[in-house]
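Me: I'd like to learn how to read surface and helix features in a model like this one. Could you take me through a few?

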Amino acid sequence: MSVASPRPADWTAAQVAPARPASALADPTWVRVALIGTALLFLGFFLVLPLATVFLQAFAKGWRVYLEAISDPIALAAIRLTLLVAAISVPLNAVFGVVAAWAITKFDFRGKSLLVTAIDLPFAVSPVVSGLIFVLLFGAHGFFGPWLQAHGVKVIFAVPGIVLATTFITFPFVARELIPIMEEQGTEEEEAAVSLGASGWQTFRRVTLPNVSLGLLYGIVLLNARAMGEFGAVSVVSGHIRGLTNTMPLHVEILYNEYQSAAAFAVASLLALLALATLVAKRALEWRMGRRARAA
């Protein structure tokens, strides 16, 4: 007795029929609900609740107390100093980040791995330790201290020390955003531009910079937020001189330690608004970067 073999049409249909998705790959509903609920609970407890507390405490005694706190001359001096330090450190680190990322991704040279490691140094060193290093270098009894005093230059417990500490803490942000982008893009477009007669500056301005513009803005947003909110290193080198070397985070600490909670939370609310603006700008840039990636 012979068994009839399947017809070619039946065999082909069986071969090309799409396989049903394995149920093992789909998480149960209770797992998804538990994961989402845990994430929302975590965000609510560590992000939403602290921010809400800051604004509630800032306006607990009314608008008049709030406006008096942020318009106090010492508070205004702290705000001006914070903006000044950010205005100096952000452009410096933006330029350094672009140059470092360009050198690392477009050229091969001795010490390249050392440069990559050095960029990550502020992430590995405590900000307080970073501030102490500057004190040991530029303080009155530091390595350069006697020479600086002899020439009437004051770094520690002055604005230059705050700028140095902030610049050191924040210099990895732009470079770390640009290096992966430039590595992914490769060097083909730059090589083509050079082969067509473009100079190095023209190649950078017309080819490299437009390709990394969104990543550069993304890094600058994070860099600016960290520069304005830096506390540890600035606290060590500032000397806490009211009206002269106190930035906004330091001013908040002093007010809170003096039991002026309404004024402390009022100034802290400005930093919180900065954080919220940073998150909005960060999300907008991520959305634009995603659209550009999908379009490519």
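Reply: Happy to! Let's start with Arg294, which lies in helix α16 (residues 261-295); helices here are DSSP runs (H or I, at least four residues), numbered from the N terminus. This is a predicted model, where local features need pLDDT of at least 70, side-chain atom pairs count only at pLDDT 80 or more, and totals for chains, interfaces and linings use all residues. Residues are numbered from 1 along each chain as its sequence is written, and side-chain values use heavy atoms, leaving out hydrogens and water.

Me: Is Arg294 buried or exposed?

Reply: Buried means under 20% relative accessible area, exposed over 50%, and partly exposed in between (1.4 Å probe, protein chains only). With a relative accessible area of 62%, Arg294 is exposed.

Me: How many residues of α9 are buried?

Reply: Nine of its twelve, so α9 is mostly covered. Gly161, Ile162 and Val163 are among them.

Me: What span should helix α10 have?

Reply: The expected span is 1.5 Å times one less than the number of residues. For the 14 residues of α10 (residues 172-185) that gives 20 Å, and the end C-alpha atoms are 20 Å apart, which agrees.

Definitions and conventions: Helices (H or I, at least four residues) and strands (E, at least two) are DSSP runs, numbered from the N terminus.
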